[in-house]
Amino acid sequence: MSGLSENQSETLFGGDDVIEVASVVFNRPLDQPYSYRVPERLVGSVRPGQRVRVPLGRGNSATIGYCVAVTDQKADVSANPTGFDRSRLKDVIGVIDDPPLIDRSMLDLTKWMASYYACSWGQALDAVVPAGVKNQAGTRLRTCLSVPEEIRAAIPEGLPHKQAAALAVLIASTEPTGLDDVCRMAKCGPGTIALMRKRGLVLAVKRRVREVSEAEADEPLNDEPERAVRPEPTVEQAEALAKIDPVLREGKFAVFLLHGVTGSGKTEVYLSAIERVVATGREAIVLVPEISLTPQTIRRFRRRFPRIAVLHSHLSDSERHRHWRSIAAGEIQVVVGARSAVFAPTRRLGLIVIDEEHETSFKQETVPRYHARDVAVMRGMKLGVPVILGSATPALETWRNAELGRYERIALEERVGARPMPHVTLIDMRHEKPDPEHPVGALSVPLRIAMTESLKAGGQVMLLLNRRGFHTYVLCPKCGGVLKCDQCDIALTHHKGRRKLICHGCDRETAPPSICPACRRSNLHYGGIGAERLERDVRLAFGDRVIQRMDSDTMRAPGSHERVLSEFRAGRVDVLLGTQMIAKGLDFPNVTLVGVINADTALHLPDFRAAERTFQLVAQVAGRTGRGDRPGRVLVQTYAPDHPAIAAAVNHDYLSFVAGELKIRRDQGVPPFGRMARLIARGEKELQVREYMNRLADSLRSAATEGVRLLGPAPAPVLKIRGLFRFHLQLRAASARPLQDLLRSVLPENPAPRGIELATDVDPISML
Ligand code: ADP
Ligand code: ZN
């Protein structure tokens, strides 16, 4: 033996033994990776991005974790103090996913998410992989049979008839064949096969196969709709594309803010940009708010791209699994979906588009509390892929990033076809006289008259009221109390059609009491106007018209949303009224009047973004009219006509709104100036929650670096939801980093005691 090979055998088997070590993270709060030894039988088959089964904790219970790295380590500590002590490392039990579920870039992105959103890597990873993929929905383990070589070589003679038939079937097939297929073809039962297995005539293996459900078998994966004719781009669209084009061609990271008024043809710009990407064999992800994933939107994409996957929340686990696999296999050109589609496992991503980027539904309100827009920008940066953010009313954070030059703003200031923006008129409800025909109605006289005119001229009308139910509160005129939910610090809403008082915090229903349950002295006063009451009022005034309400109460049945929209489009509905469900993204050319019943619903919420939300809602709903050949009109009922958010929305004047609002935000030191993190603790015992938050605040204060401000703790604006008391505190700093560092150092030392749950929200959207 040469010296060389002796040396080799020593490094392999001697004191410097090398073992494979897998780093594994778990779906639990704030954890570090754990190291496991890869046992000999698994060496080479454990890879990063796989789920693995490993023993965890004192009881060594088998737990699923995500393998994030595999390294070679010296085994012997005595020989190498930095090495691992083989005897102390537990062994990986088994590998779950082969091939790995998660690729390198997604590992990298989730690692960033964990550090940015102050959660664990395992929690971030768990959010990326849909449940249907994790449980392999729509597939099953099938027993398949094959014939061992030695039997094939010398087929035993004198077998019973059925066994011989089964063997013949198997020998004829080149692949292992399903048990049921063999039985069918050989006309034998499973008993016959069991006997043959015992005698070693056949081998059984388990294989995972896709189960084709009947509905799925009928559904053409991508029916071929007629191909769309591409419209000639407008001058502004052409200019926008000219700016995006070079970046697409080079394939590098850049963020564009496509700031275009409603109806300016933003979607057309996305479609053209995606076409360029797809033409070079790359893929695009398009995020839209869940509420905008209408058949109309989907059709627009289908007509331009044959191979698209639509990921919406109504997909079954097995459909989601199937889409995920075809995206990962590179079979899809364009992924259109809501928030979580930002994690679509594309192979050659070339572009990410986020439509209506200001929408709050892009923020996930459970762990990990990520914002899909910001994750998209980070994914684009890591992959060197451009990102387009589109909106008529960009979020102030996005606007600020454009101001600072981080994003490039591209403006579309004109509607397509030089259609004018609709004319918006305010109705000052403080001075409106009650309508003599309907004195307590939701409609003011000017709005009722405008509706009559529009309908008479053959136009359609949309009415927005962002409140569900009939009466929005129930009050005792004697004691002044407002009826609240037992479990929540929330006023009950009267749903008249269902004869119930319903809590919109926890959905509990109670029968409306006839007298005040608190003082028992008086009948109750029912007040406030919700969408159900608006519908009643519109029917009273326009009984001969077809009226349809659209809110989460009337749109419970699957498909009802689409059905109503297509009825409306076909002109079979005259008045469509509803909550914000009708405000967003819809494109109905025949709508000539939009009425906003109460523009102030969000204005007085204790949320620093209240004005921004109000501006966005009014501007968006106003954008639903005047999209056809006839000009549109908007009437806005308000008690605060002078509020800058409402005044600016009337003039479609985003620029003056942001100018004023940014000044206020800067003075208050709230985003987009500086960053914020919010901690919310909840538990059944109010005092215990308060005390825990006080302790946590003390720890945070003493560990805080200069420039970090702590506000609170204080009771949350909604103190109680579902029987749990809520306290919160806020951390603010000029940048996110010191906040994240502080959370990472203090939270593990101050775990919530039993009975209390702590939520950490970096860049919070919800402030209630
Ligand atoms: P946005 O997304 O900005 O609201 P859309 O892309 O939906 O605007 O465009 C508004 C309407 O104008 C749509 O009906 C669309 O088909 C049409 N449109 C868009 N671009 C063009 C164009 N270049 N030529 C003709 N029609 C267009
Ligand atoms: Zn409740």
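Is Cys479 buried, partly exposed or exposed? Cys479 counts as partly exposed, at 36% relative accessibility; here buried means under 20% relative accessible area, exposed means over 50%, and partly exposed lies in between, with a 1.4 Å probe and protein chains only.

The structure is a predicted model, in which local features need pLDDT of at least 70, side-chain atom pairs count only at pLDDT 80 or more, and totals for chains, interfaces and linings use all residues. Residues are numbered from 1 along each chain as its sequence is written, chains are lettered from A and ligands numbered from 1 in the order in which they are written, and side-chain values use heavy atoms, with hydrogens and water left out.

Of the 768 residues of the protein, 51% count as buried. The C-alpha trace spans about 105 × 65 × 65 Å along its principal axes. The protein has 23 helices and 30 strands; these are DSSP runs numbered from the N terminus, with helices (H or I) of at least four residues and strands (E) of at least two.

The cysteines deserve a further look. A disulfide is a pair of cysteine sulfur atoms within 2.5 Å, and by this rule the count comes to zero. For Cys479, the closest cysteine sulfur is that of Cys476, at 3.6 Å, which is too far for a bond. Cys506, in turn, is buried, with a relative accessible area of 10%.

Attention now turns to the ligand. Ligand 1 is surrounded by 16 residues, of which the closest are Glu232, Gln237, Lys266, Thr267 and Arg300; a residue is near a molecule if one of its heavy atoms lies within 4 Å of it. Helix H11, which covers residues 266–279, supplies the largest share of this shell, with three residues. Several atom pairs can be described in detail. A polar backbone atom of Glu232 is 2.8 Å from a nitrogen atom of ligand 1. A polar side-chain atom of Gln237 also lies 2.8 Å from a nitrogen atom of the ligand. At Gly265, a backbone N or O atom lies 3.0 Å from an oxygen atom of ligand 1. On its own, ligand 1 has 560 Å² of accessible area, and the protein covers 75% of that area; such areas come from the Shrake-Rupley method with a 1.4 Å probe, and for residues only the protein chains shown count as cover.

Where does ligand 1 sit? Ligand 1 sits in the second largest pocket. A pocket is found on a 1 Å grid over the protein atoms alone, as an open set of points with protein on both sides within 12 Å along at least five of seven lines. A molecule sits in a pocket if more than half of its atoms lie within 2 Å of its grid points.

A cis peptide bond, with omega about -5 degrees, joins Val367 and Pro368. Pro368 belongs to the loop between strand E13 (349–355) and helix H14 (372–383). The peptide bond from Gly712 to Pro713 is cis as well, with omega near 5 degrees, and Pro713 is found in strand E28, residues 709–721.

Positive phi angles occur at two residues described here. Ala418 is not a glycine, yet its phi is positive, at about 55 degrees. This residue is found in the loop between strands E15 (408–412) and E16 (423–428), and Ala418 counts as exposed at 60% relative accessibility. Arg499, likewise not a glycine, has a positive phi of about 55 degrees. Its place is the loop between strands E19 (493–495) and E20 (500–502), where Arg499 counts as exposed at 66% relative accessibility.

Three further residues complete the tour. Ala344 lies in the loop between strand E12 (334–337) and E13 and is buried, with a relative accessible area of 3%. Its C-alpha atom is separated by 9.8 Å from that of Pro130, 214 residues apart along the chain. Gln136, in the loop between helix H4 (131–134) and strand E6 (139–146), counts as buried at 16% relative accessibility. Gln136 and Glu437 are 301 residues apart in sequence and 61 Å apart in space, C-alpha to C-alpha.

Asp537 is in helix H17, residues 531–541, and is buried, with a relative accessible area of 7%. The side chains of Asp537 and Arg536 are joined by a polar contact of 3.0 Å. A polar contact is a pair of N or O atoms within 3.5 Å; within protein, one must be able to donate a hydrogen and the other to accept it, and residues adjacent in sequence count only if both atoms are side-chain atoms.

Conventions: On a 1 Å grid over the protein atoms alone, a cavity is a set of points where a 1.4 Å probe fits but cannot get out, and a pocket is an open set with protein on both sides within 12 Å along at least five of seven lines; lining residues have an atom within 4 Å of a point.
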